[in-house]
Amino acid sequence: MASKRDYYEILGVSREETSVEIKRAYKKLALANHPDRNPGDEEAIKRFKEAAEAFEVLNDDNKRAHYDRYGHADFGAGASGSQFHDVSDIFSAFGDLFEGFGFKGSSQRGRGNRPQQGESLRTSLQIDLLDAASGCEREINISRKETCETCHGSGAKPGTEPDDCDYCGGAGQVVQSQGFFRVQTTCPRCQGAGKVISDKCTDCRGEGRVTNDAALDIKVPAGIDNGMQLCLRGEGNPGLNGGPRGDLYVVISVDEHPLFRRQEQELSCHVPITYTQAALGAEIEIPTLEGRHELKVPSGTQPGEIFRLKGLGMPNPHGGGRKGDLHVIIQIDVPKKISEREEELLRELAEVEHAEVSLHRSPNRNSFLDKLKEYFTHSD
């Protein structure tokens, strides 16, 4: 399978361009390859669709940020990418960009009585790091539109039908001539629908849809990161005139963990040890996402030294099986309070080293040990 072209390359813009420049570039490219301007030219239609797919992603700040980070991994057929299956879908989404250029099919192909896709919705879900690491299932509650059961989506009172708009003749568009120019705009009366409802349904008040609450079960993949979003196809608002439902985007928020810090798939954990453990070496117990782990600290370990434990980090949210690593960062704990015997031994050591040391007990180590005890109790 041929690799997909870079979206920025398709539109002929750099990655630093503003949304205004991106829209301008798309409009120029779409007009040049518009089907009404290139009748029978399949290559032009292909370029028209390709430009729309690129613009649909880069014109959305969230999708653009996701694309800049992961490329085409989550975009394209079968993923959470392009919603366009044919040219009419493009006119439905971006038809307003072509208004005023006199094309017959631009806006009215996406309006009037043809089916139109429903609006996409967005919600959020908060999970903790352990759920993000293993993946989980959650129930979310949203408010969304549903097709009115009373009028079956027509918006008209049962027993009546919407009438053709007498202002535009049912076309949804009006054309005004100004000298040599023909300007096509959306009908101000029917707002492009081509129909007007004289006797409205009392339940939906002529909209054809009513707002209901819905509970949905979603699967959160292992390794998902803060700010990523899941796309639930067909879980948005219902379409008009029998069109398909929109999508639901769930933005994930991952709570900070008391022990671990995350950087994409890598985890880090600061572990305090005593001076004697660092000097003489020791085996210490450290936390991992999988539970307890024994770490051998060699003699002479220095403050800030990092031990890298392969495969004990976060999974790749895009699959592949490989996990990141866990980086254990050693801190030397200096106690603020010590016993008389400890002070005696340390002073003897200070004489050998010809140095003075502060003899205190550190609350930092107690804090870490308290967190470690709580973590292991929870994981067990």
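Predicted model: local features only at pLDDT ≥ 70, side-chain atom pairs only at ≥ 80, totals over all residues.
Student: How is α3 oriented relative to α4: roughly parallel, roughly antiparallel, roughly perpendicular or oblique?

Tutor: Helices (H or I, at least four residues) and strands (E, at least two) are DSSP runs, numbered from the N terminus. Helix α3 spans residues 42-58 and helix α4 residues 61-70; their axes are 6 Å apart and the angle is about 105°. Axes are lines fitted to C-alpha atoms, for helices over the stretch in contact, and angles run from 0 to 180 degrees between N-to-C directions. Under 35 degrees counts as roughly parallel, over 145 as roughly antiparallel, 65 to 115 as roughly perpendicular and the rest as oblique, so α3 and α4 are roughly perpendicular.

Student: Is glutamate 56 buried or exposed, and with which side chain does the side chain of glutamate 56 make a polar contact?

Tutor: Buried means under 20% relative accessible area, exposed over 50%, partly exposed in between (1.4 Å probe, protein chains only). Glutamate 56, in helix α3, has 9% relative accessibility and therefore counts as buried. A polar contact is a pair of N or O atoms within 3.5 Å; within protein, one must be able to donate a hydrogen and the other to accept it, and residues adjacent in sequence count only if both atoms are side-chain atoms. At 2.4 Å, the partner is the side chain of lysine 63.

Student: Which side chain joins glutamine 229 in a polar contact of 2.8 Å?

Tutor: Glutamine 229 lies in strand β8 (residues 229-232) and is buried because its relative accessibility is 17%. Leaving out residues up to four places away in sequence, glutamine 229 touches Asn62, Lys63, Arg122, Tyr249, Val250 and Val251. The side chain in the 2.8 Å polar contact is that of arginine 122.

Student: How many salt bridges does a search of the whole structure find?

Tutor: A salt bridge is a side-chain nitrogen of Lys or Arg within 4 Å of a carboxyl oxygen of Asp or Glu. Arg69, Asp225, Arg262 and Glu264 are linked in a network of such bridges. The search of the whole structure finds 22.

Student: Which residue forms a salt bridge with arginine 138?

Tutor: Arginine 138 is partly exposed, at 30% relative accessibility. The closest N and O atoms are 2.5 Å apart, and the partner is aspartate 131.

Student: What is the N to O distance in the salt bridge of arginine 24 and glutamate 21?

Tutor: Both residues lie in helix α2 (residues 19-32), three residues apart, about one turn of the helix. Arginine 24 is partly exposed at 49%, and glutamate 21 is partly exposed at 31%. The N to O distance is 2.6 Å.

Notes:
Residues numbered from 1 in each chain as written. Heavy atoms only, no water. Contact = heavy atoms within 4.5 Å.
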